[in-house]
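Subject: The structure, and what turned up in it

Hi,

Here is the structure I said I would pass on. Have it open while you read, and my notes follow below.

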Amino acid sequence: GGGGGGGGPVGEEEADRVLSLVVTTLRYLLDKDVFQSHYAKLLAKRLVNDTLASRQSEEAMIQALKTPCTPDFTARLSRMLTDKSLSEDLDSHYEKQRSGTVGGKGVPPHRVMVLTTGTWPYPAKTLEGHQFALPQMLQPCIDQFEEFYQTRYSGRRLTWNFDLSRADVKCSLNKTYEMTMTTAQLSALLVFQDTDMTTLAHVLSAIGHSHTSRDAALCVLSLVKARLLIPTTDGNPLLEYHPSSGDAGWGALADA
């Protein structure tokens with residue numbers, strides 16, 4: 001697999017060596033549940049974030065895991081790869097239709113990945129109560145895709161998992177920067193479109209989490225770490241939008 005570490009591309013021979021080592025090690029493990037759980041989550045992350053080193057190498061790994069692991073596990077991994085392919089095909093049709101309609105104009109460019117419930121290591125979530133508040137500017141993206149999806153699959157219901165979504169953002173400061181961030185981080189930064197300073201409570205409200213939410217705190221802390229927001233401690237907690245002069249540290253956004 002790919003993605004994640006700081007090393008360069010893995011050669012084919014090295015990949016085969018590691019694959020053989022993993023499979024050999026697994027043969028001596030009586031309880032493979034922990035490995036299977038972690039591997040499924042890491043594969044899902046690579047697929048969702050488009051960081052596969054090679055689909056061929058992923059398929060080879062799944063094939064090799066059929067010997068030491070359960071058939072249900074490897075079948076699930078294969079369905080995840082199939083989901084990815086079907087979703088890419090669906091997205092291609094969606095983009096063609098969207099680009100040819102008047103309603104597609106003025107809506108931010110976007111892509112949607114459709115995952116089969118029960119196959120992926122993500123619990124089913126609902127729009128209410130469990131996730132951050134989607135920025136209003138992105139709501140037309142949701143509406144357009146749902147309309148398109150229902151014309152192809154009438155009766156199927158989509159449950160959106162915004163926690164997995166990411167945004168590519170152009171930020172114009174003393175020059176233009178391009179950043180990849182979670183959509184929750186985007187929700188927080190959009191608060192500062194009309195002001196340079198606001199309260200922490202306002203930012204948390206915009207994200208949509210409760211003020212004691214761990215996820216909301218981590219979201220805000222990641223923006224502070226990236227030096228896009230500066231906290232103050234003058235009584236009422238404030239956050240100031242104050243991008244650094246350089247882009248060092250902005251890489252933290254993508255991994256938060």
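R111 is exposed, with a relative accessible area of 58%. (For accessibility, buried means under 20% relative accessible area, exposed means over 50%, and partly exposed is in between, using a 1.4 Å probe and protein chains only.) Before going on: this is a predicted model, where local features need pLDDT of at least 70 and side-chain atom pairs count only at pLDDT 80 or more, while totals for chains, interfaces and linings use all residues. Residues are numbered from 1 along each chain as its sequence is written, and side-chain values use heavy atoms, with hydrogens and water left out.

Back to R111: its side chain meets that of D50 in a salt bridge, at 3.3 Å from N to O. D50 sits in the loop between α2 and α3 and R111 in the loop between α4 and α5, so the pair ties together parts that are 61 residues apart in sequence. (A salt bridge here is a side-chain nitrogen of Lys or Arg within 4 Å of a carboxyl oxygen of Asp or Glu. Helices are DSSP runs of H or I with at least four residues, strands are runs of E with at least two, and both are numbered from the N terminus.)

D50 itself is partly exposed, with a relative accessible area of 42%. D50 also has a positive phi of about 55 degrees, although it is not a glycine. You will find R227 in the loop between α8 and β4 (229–232), and R227 is partly exposed at 38%.

How many salt bridges are there in the whole structure? The search finds eight. One of them joins E88 and K84, whose closest N and O atoms are 4.0 Å apart. Both residues lie in helix α4, four residues apart, or about one turn of the helix. E88 is partly exposed at 42% relative accessible area, whereas K84 counts as buried at 7%. Salt bridges that share partners join D50, K84, E88, D91 and R111 into one network.

Another bridge runs between E59 and R55, with the closest N and O atoms 3.1 Å apart. E59 and R55 are four residues apart in helix α3, which puts about one helical turn between them. Both ends are partly exposed: E59 at 40% relative accessibility and R55 at 31%.

M61 is also in helix α3. Is M61 buried or exposed? At 10% relative accessibility, M61 counts as buried. Leaving out residues up to four places away in sequence, M61 touches L19, V22 and Y39 (contact means heavy atoms within 4.5 Å). V22 is 39 residues from M61 in sequence, and their C-alpha atoms are 9.5 Å apart in space.

Now for helix α4, residues 71–99. At 1.5 Å a residue its 29 residues should span 42 Å, and the end C-alpha atoms are 42 Å apart, which agrees (the expected span is 1.5 Å times one less than the number of residues). Its buried residues include F73, L77, M80, L81, L90 and Y94, as well as K84 and D91. Among the elements covering the buried residues of α4 are α2 (33–48), α3 (55–65) and α5 (139–152).

Further along, helix α6 (residues 183–190) packs with helix α8 (residues 214–225) at an angle of about 70 degrees, with the axes 10 Å apart. (Axes are lines fitted to C-alpha atoms, for helices over the stretch in contact, and angles run from 0 to 180 degrees between N-to-C directions.) The two helices are therefore roughly perpendicular to each other, a label that covers 65 to 115 degrees. On the α6 side the contact is made by A184, Q185, A188 and L189, and on the α8 side by C219, S222 and L223. These divide into five nonpolar, two polar and no charged residues (nonpolar means Ala, Val, Leu, Ile, Met, Phe, Trp, Tyr, Cys and Pro, charged means Asp, Glu, Lys and Arg, and the others, Gly among them, are polar).

Last, the whole chain: nine helices and five strands, in the order α-α-α-α-α-β-β-α-β-α-α-β-β-α. Buried residues make up 35% of the 256 in the chain.

Cheers

Terms used
Parallel < 35°, antiparallel > 145°, perpendicular 65-115°, else oblique.
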